[in-house]
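Trainee: Please take me through the helix packing and ring contacts of this model. Keep it brisk and stay close to the residues.

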Amino acid sequence: MTSNAAELTGTVKPPHGSSTSSVIQRAFLGSMTPTAAENDPTAERLLDAAYDLFCRFGIQRTAMEKVAKAAGVTRVTLYRKFATKDALVDEVVLREFRRYFDQFRADIPKARTAADRVVLGFVGSLRAFAGNPLISGMAHTESSMLIESMIGDDGLLLSVVQQFVAAQLRREQAAGNISADLDAELVAEMFVRISASFLTVPSRVVDITDDAQLADIARRFLVPMLEPRH
């Protein structure tokens, strides 16, 4: 399964006038395209400072002035690089998504079968987000922000991720790795909703930091979905 920016964003329009609570939506929608912060040492220093503060104190409790001070720059410089706090938050979260996709691209060639790629994608995505101090911190201290990002704007974020996964399944079909009769849209919907539930609702049965357990779940419950039902 390889990613394609056009397939990821071409059929879904980003929300307009979104609040900070939908930052993950906006970050995901923009995570496959270059950003103004790249190759800018000052902007990168600001993003590093913001990331550290967001992880320690939360997004809502971190003032822009604190970010500027931590980065060792003036407020004028901060606002020159990021005109609003929403813009800064977007860039910080976007960078985390970009790192996940970079790791995904590096890992996916190691999987030899479609089933292996499903397992790798499921385990890798939960590990990346559950193990990320910023995202996991949002889940614990700003859960309303995380949940709103998932279900706000009529579920736009889930819809975008579903389209991304469906595109990967269609690639597998085109390569003859899975049946052409598979309902890629429906299977992708189930994959995404199962993953989202683990991220937003704590489980007392499944430890989402246990890669072996997640891999077992993927093979027992997700991989069988690759077989079409008649």
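Mentor: What follows starts with the whole chain and then moves to the contacts.

This is a predicted model, in which local features need pLDDT of at least 70 and side-chain atom pairs count only at pLDDT 80 or more, while totals for chains, interfaces and linings use all residues. Residues are numbered from 1 along each chain as its sequence is written, and side-chain values use heavy atoms, with hydrogens and water left out.

The protein chain has 11 helices and 0 strands. Helices (H or I, at least four residues) and strands (E, at least two) are DSSP runs, numbered from the N terminus. Of the 230 residues in the protein chain, 50% count as buried. Buried means under 20% relative accessible area, exposed means over 50%, and partly exposed lies in between (1.4 Å probe, protein chains only). A contact requires heavy atoms within 4.5 Å. Among contacts in the protein chain with a separation of 6 or more, 71% come from residues 24 or more positions apart.

Now the helix pair. Helix H3 covers residues 41-57 and helix H6 covers residues 85-107; they pack at an angle of about 85°, with axes 10 Å apart. The axes are lines fitted to C-alpha atoms, for helices over the stretch in contact, and angles run from 0 to 180 degrees between N-to-C directions. At that angle, H3 is roughly perpendicular to H6.

Look at the residues. H3 contributes Glu-44, Leu-47, Asp-48, Ala-50, Tyr-51 and Phe-54. H6 contributes Leu-88, Val-89, Glu-91, Val-92, Arg-95 and Glu-96. By class, the contact of H3 with H6 has 7 nonpolar residues, no polar ones and 5 charged. Here Ala, Val, Leu, Ile, Met, Phe, Trp, Tyr, Cys and Pro count as nonpolar, Asp, Glu, Lys and Arg as charged, and the others, Gly among them, as polar.

Stay with Glu-96 in helix H6. Glu-96 is buried, at 8% relative accessible area. Leaving out residues up to four places away in sequence, Glu-96 touches Tyr-51, Asn-132 and Leu-134. Its C-alpha atom is separated by 8.7 Å from that of Leu-134, 38 residues apart along the chain.

Back on helix H3, find Arg-45. Arg-45 is partly exposed, with a relative accessible area of 39%. Beyond its neighbours within four places in sequence, Arg-45 is in contact with Ala-71 and Val-73. The C-alpha atoms of Arg-45 and Ala-71 are 5.9 Å apart, across 26 residues of chain.

H3 also runs to residue 57. The charged end of Lys-66 sits over the ring of Phe-57, 5.7 Å from the ring centre. To count, NZ of Lys or CZ of Arg must be within 6 Å of the ring centre and within 35 degrees of the ring normal.

Next, the rings. A pair of aromatic rings is described by the distance of the centres and the angle of the planes. The whole structure holds 1 aromatic pair. Phe-122 and Phe-198 have ring centres 6.3 Å apart and planes at 70°, so the pair is edge-to-face. Rings of Phe, Tyr and Trp (its six-membered ring) pair if their centres lie within 6.5 Å; planes under 30 degrees apart are stacked, over 60 edge-to-face, and the rest tilted. Phe-122 is in helix H7 (residues 114-130) and Phe-198 in helix H10 (residues 184-200), so the pair ties together parts 76 residues apart in sequence. Phe-122 is buried at 4% relative accessibility. Phe-198 is buried too, at 16%.

Phe-122 leads on to Leu-222. Leu-222 lies in helix H11 (residues 211-222) and is buried, at 3% relative accessibility. Not counting residues up to four places away in sequence, Leu-222 touches Val-118, Phe-122, Phe-191, Ile-194 and Ile-217. The C-alpha atoms of Leu-222 and Val-119 are separated by 8.0 Å, although the two residues are 103 apart along the chain.

Finish with Phe-221, also in helix H11. Phe-221 is partly exposed, at 47% relative accessibility. C-alpha to C-alpha, Phe-221 is 9.7 Å from Phe-191, and the two are 30 residues apart in sequence.

Methods. Parallel < 35°, antiparallel > 145°, perpendicular 65-115°, else oblique.
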